There are 2 protein chains.
Amino acid sequence: MTNRQRFTNACRCQPVDRPPVWIMRQAGRALPEYRALKEKYSFLELVRTPELAAEVTLQPIRRFDFDAAIIFSDILVVPEALGQSYQFLEGKGIEMKPLQSAEDIGRLDTTAVCERLDYVSKALRLVRKSLGDRTALIGFAGAPWTLACFMLEGGGADDYTKARRLFYSDRPLFERLMEKLTGAVSAYLRMQIETGVDAVQIFDSLGGTLASDAFAAASGRWITEVVASLQSRVPVIVFSKGVNGNWRDLAATGAQVLGVDWTVRLSEVRARLPQNIGVQGNLDPLVLTTTPEIVAAETRRILNDMRGLTGHVFNLGHGLPPTASLENIAAMVDTIRTFA
Amino acid sequence: MTNRQRFTNACRCQPVDRPPVWIMRQAGRALPEYRALKEKYSFLELVRTPELAAEVTLQPIRRFDFDAAIIFSDILVVPEALGQSYQFLEGKGIEMKPLQSAEDIGRLDTTAVCERLDYVSKALRLVRKSLGDRTALIGFAGAPWTLACFMLEGGGADDYTKARRLFYSDRPLFERLMEKLTGAVSAYLRMQIETGVDAVQIFDSLGGTLASDAFAAASGRWITEVVASLQSRVPVIVFSKGVNGNWRDLAATGAQVLGVDWTVRLSEVRARLPQNIGVQGNLDPLVLTTTPEIVAAETRRILNDMRGLTGHVFNLGHGLPPTASLENIAAMVDTIRTFA
């Protein structure tokens, strides 16, 4: 069984020899070879140059032989392709001009999203060629809701209130924005699927800011439209961080796999879902900043919890911390490979 | 039925004419009369001067006639009473020297916590006297886990990693810290109960940073010890924000009421709990920054969801935003009062 088969089988709740493993944000600052590239290029140069994005995507595969690679990119390339550009300020995070009016939303240009994101296609083709059949390749995009949060705030915020306020107070305008984002995200993911990715992940990192009763209308509905537009061509992983009371809404999106953060028990989530929906997660990312012994113990705890259940893709419960040590990542991977 | 009876009945899952209501952080920046006082006094002067703390506590009661008042104070008064002082920097939040070593933890002095917090007793007695039998009075403290997070970070943080890392990597030292905090919080809450409060709330605002399997040992266990030390003299409300997969652990703390954030449906949580445990919450705080019509609709949604169930204390799912409007708060309260 190749890494690629193991990953795609697990996504479809089919038998595997052991759970496949990859790490959200595995390509990035935790790796010295990434930091070396960052001395020469900015984050956005790495994202926008196909050869560099491909190289960064492959770095963690060379080092850890993960079952899947995920293309090195950023969820904010979609707002940028719609005409809302952003900068990445070292140590300060994202900065973009916020959407502040109906006119700003009206100006978002959905006509050439894929052309503008052609560099991602090129990077994906390079990576696919390097990986061959050995390793799965994952494409991704931000969920419309999460993108809307960033676009209305103009970047990161302590508390993402603007998208929620728009949702409550001007539903027609909110829906105009979401329709544009849903169309753009759908087209972008279809383009990624054309290049031969084995699965796509939709990151709804800010889904957990929503009230339980608002989630379906504010986020779930739009994810469902995106998933439907992909026509089941590849498995879709939906990671709606912090949404731990809406498993029904999440299952209804059409996702084959749901990403699960570290604050809930994986087997309990799996038991609440239809049998044909898998789960991905959910080691506390912080554990990768402790010691190999602790990493091994916590990894085994999750493997034991999920023992005998199909449809488990091992991952962290959120992105890899930049301060994670390489020996801790290795200890996690080794524990999964040798688990019996 | 007085406001006080309504509140204490609901806490004990006994019949009420309508759900009682109060708001986390009801005494504070949303009120013009509070902002006027803040022109003359610093936050910590207001906290530490019994007459001023009492005045600030009473302000929202005068304006909205809430069923319960909560003493105006801060969870960090306990670390301060242990010898770790802090400052409140306008616009920047909390700043305290972080605990960085076993020696720092060893130096925390648990011998005179209540003496040092005598100003809280004095404020509580003043408030009790003003409220008479009309309105319930709630005391509070931070949960040991949440206090440990702030004390190890030295204030607020983007991601509270230090307490989790200590929990995973040096359990004996973690437990020494938690024993001190548990003792201090218990003594402090007992002192508040002596002054005649009707209930106490334990704020575990950072409980949701913990992995599901870690919650019981890192936070739940210590809350349980605090609750046990209070010997059921008054109802205890435990608000462990973001802990939405561990209702069993939370029920096991001995709390009479569990605070619930806005990301889960209240009736579903209530159904998963033993019949004698109530729930408090859970309007999305952001809704109070929209319009009275939206506030009324969202409030009714929660009231309808909980219709016919005992043990519901209406509240927000987290603290009152400073930008909430007075007419929105009034709309929420009116909707609850007139709901049939």
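Tutor: Let us begin with two helices of chain B. The axes of helix H4 (residues 50-64) of chain B and helix H8 (residues 118-131) of chain B come within 8 Å and cross at roughly 45 degrees. As to the source, this is a predicted model in which local features need pLDDT of at least 70 and side-chain atom pairs count only at pLDDT 80 or more, while totals for chains, interfaces and linings use all residues. Residues are numbered from 1 along each chain as its sequence is written, and chains are lettered from A and ligands numbered from 1 in the order in which they are written.

Student: Why are H4(B) and H8(B) called oblique to each other?

Tutor: Angles under 35 degrees count as roughly parallel, over 145 as roughly antiparallel, 65 to 115 as roughly perpendicular and the rest as oblique. H4(B) and H8(B) cross at roughly 45 degrees, and they are therefore oblique. The angle is taken between N-to-C directions, from 0 to 180 degrees, of axes fitted to C-alpha atoms, for helices over the stretch in contact. The helices themselves (H or I, at least four residues), like the strands (E, at least two), are DSSP runs numbered from the N terminus.

Student: What is the handedness of the crossing of H4(B) and H8(B)?

Tutor: The crossing of H4(B) and H8(B) is right-handed; in a right-handed crossing the near helix is turned clockwise from the far one by less than a right angle, and in a left-handed one anticlockwise.

Student: Which residues make the contact of H4(B) with H8(B)?

Tutor: B:Pro50, B:Glu51, B:Ala53, B:Ala54, B:Thr57 and B:Leu58 take part from H4(B), and B:Tyr119, B:Lys122, B:Ala123, B:Leu126, B:Val127 and B:Ser130 from H8(B). Residues are in contact if their C-beta atoms, placed from the backbone, lie within 7 Å. By class, eight are nonpolar, two polar and two charged. Here Ala, Val, Leu, Ile, Met, Phe, Trp, Tyr, Cys and Pro count as nonpolar, Asp, Glu, Lys and Arg as charged, and the others, Gly among them, as polar.

Student: How do you know how helix H9 (residues 144-153) and helix H10 (residues 162-169) of chain B are oriented?

Tutor: Their axes come within 8 Å and cross at roughly 105 degrees, and H9(B) and H10(B) are therefore roughly perpendicular to each other. B:Ala148, B:Cys149, B:Leu152 and B:Glu153 of H9(B) meet B:Lys162, B:Ala163 and B:Leu166 of H10(B). This contact has five nonpolar residues, no polar ones and two charged.

Student: What makes strand E1 (68-70) and strand E9 (312-316) of chain A edge strands?

Tutor: Seven strands of chain A form an open sheet in the order E1-E4-E5-E6-E7-E8-E9, with parallel pairing. Each of E1 and E9 has a single partner strand, so one side of each is left without a neighbour in the sheet. Strands pair if DSSP finds at least two bridges between them; E1(A) and strand E4 (residues 136-142) of chain A are joined by three. A:Ala69 has A:Leu137 as its bridge partner in E4(A). Neighbouring strands of the sheet are turned by 25 degrees against each other on average, direction ignored.

Student: How do strand E2 (residues 86-89) and strand E3 (residues 93-96) of chain B run, and how many bridges join them?

Tutor: E2(B) and E3(B) run antiparallel and are joined by four bridges. B:Phe88 stands opposite B:Ile94 in E3(B). The two strands form a hairpin with three residues between them, and B:Gly91 in the turn has a positive phi of about 80 degrees.

Student: Why are the two copies said to be related as by a two-fold rotation axis?

Tutor: Chain A can be laid on chain B by a turn of 180 degrees and a shift of 0.0 Å along the axis, with an RMSD of 0.0 Å. The two copies are thus related as by a two-fold rotation axis. In chain A, the C-alpha nearest the axis belongs to A:Asn244, 3.2 Å from it. The superposition is by least squares on C-alpha atoms of residues with pLDDT of at least 70 in both copies.

How values were computed: Contact = placed C-beta atoms within 7 Å.
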